[in-house]
Amino acid sequence: MALLAGTASARDLVVLATPEEPYKFLEDGVYKGIDVEVLDEVMRRLGLSYSLELVESGTRIQQEARAGRADMLLLFSKKPDRMEYLNYPDESYIDISWSFFIRAEDAGTIRFEGYDDLKGLQIGITQDFAYTPEFLNAGLDFQTVASNNLQIGMLLAKRVDAVPMNTISTLYEEKKAGRLDQLATLPLPLITKPYYNVFAKASTYPDIESLPGRYDETIREMQSDGTLDAILIKYLGRRPGHDDRGGS
């Protein structure tokens, strides 16, 4: 599927990504998601046309970038080996975080500035999940379940008091389920890492070397004028790290 933005250039910028809601996914034959809307607006402002394809294999899209058959890949963390064949921009508008979700009624009474703040609470964790060693060894009272899908239900049923969950995915799913107003997140995440839209060093796209800088400038503009906030709120109901309703 080709998505066109702005005026025509020498050729479309070839963009590949792996499908994952709410970032990029196909619904009723249309590409949707946070990254899709951000990309479309960036390309519109830059006056560039592009084609987007969702590919199930992350390994394959990296191979395509190495071979110069893809110009841009969506949503990658920064790793030294990847920097050998990918150019990373400076700007990241997505942090993949795990935050502590609590009941909205407990906002202001539960805080997390250190693990001692969680002592005396029942903390939900999921079997075989790779939590940080510091968290697992903090001497907290854990309630372990087999499936991560059970955690929010247990929280709302008051069987646990807080659960660490993928922030963006949980906000998205709970917005769809109509339960977002029953939940709050504590401001300090358990863990967080920025993710980037990246450019292939082997790309033959005209003037590809200047594109990361132009991309950065456009992302900063979208941060300043509220466009990024509006896209995140559309999919998540609130901006992660803002309006979290949690204790200070």
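Visitor: Is I110 buried or exposed?
Guide: This is a predicted model, and in it I110 has a relative accessibility of 8%, which is under the 20% limit, so I110 counts as buried.

Visitor: And where does I110 sit in the chain?
Guide: I110 belongs to the loop between strand 8 and strand 9, the latter covering 122-126.

Visitor: How far apart are I110 and K78?
Guide: In sequence they are separated by 32 residues, and in space their C-alpha atoms are 33 Å apart.

Visitor: Switching to strands: what does strand 13 pair with?
Guide: Strand 13, residues 191-200, pairs with strand 6, residues 72-77, in the antiparallel sense over four bridges. Strand 7, residues 86-87, is also an antiparallel partner of strand 13, with two bridges, and strand 8, residues 94-103, runs antiparallel to strand 13 and is joined to it by five bridges.

Visitor: Which residues does the cis peptide bond join?
Guide: The cis peptide bond links E21 and P22, with omega at about 0 degrees, and P22 is placed in the loop between strand 2 (13-17) and strand 3 (25-27).

Visitor: On to helices. How do helix 1 and helix 6 cross?
Guide: In general, two packed helices are described by the angle between their axes and the distance between the axes. For helix 1, residues 34-46, and helix 6, residues 211-224, the axes come within 10 Å and the crossing angle is roughly 110 degrees.

Visitor: Why call helix 1 and helix 6 roughly perpendicular?
Guide: Angles from 65 to 115 degrees count as roughly perpendicular, and the axes cross at roughly 110 degrees, so helix 1 and helix 6 are described as roughly perpendicular to each other. The crossing of helix 1 past helix 6 is right-handed.

Visitor: Which residues meet there?
Guide: From helix 1 they are V38, E41, V42, R45 and L46, and from helix 6 they are L211, R214, Y215, T218, I219, E221 and M222. Sorted by class, this contact of helix 1 with helix 6 comprises seven nonpolar, one polar and four charged residues.

Visitor: Last one: where is S203, and what does S203 touch?
Guide: S203 is in the loop between strand 13 and helix 6, and at 9% relative accessibility S203 counts as buried. Leaving aside residues up to four places away in sequence, S203 touches R11, G68, A70, D71 and I208.

Definitions and conventions:
Residues are numbered from 1 along each chain as its sequence is written. This is a predicted model: local features need pLDDT of at least 70, side-chain atom pairs count only at pLDDT 80 or more; totals for chains, interfaces and linings use all residues. Side-chain values use heavy atoms; hydrogens and water are left out. Two strands pair if DSSP finds at least two bridges between them. Buried means under 20% relative accessible area, exposed over 50%, partly exposed in between (1.4 Å probe, protein chains only). Axes are lines fitted to C-alpha atoms, for helices over the stretch in contact, and angles run from 0 to 180 degrees between N-to-C directions. Angles under 35 degrees count as roughly parallel, over 145 as roughly antiparallel, 65 to 115 as roughly perpendicular and the rest as oblique. A crossing is left-handed if the near helix is turned anticlockwise from the far one by less than a right angle, and right-handed if clockwise. Contact means heavy atoms within 4.5 Å. Ala, Val, Leu, Ile, Met, Phe, Trp, Tyr, Cys and Pro count as nonpolar, Asp, Glu, Lys and Arg as charged, and the others, Gly among them, as polar.
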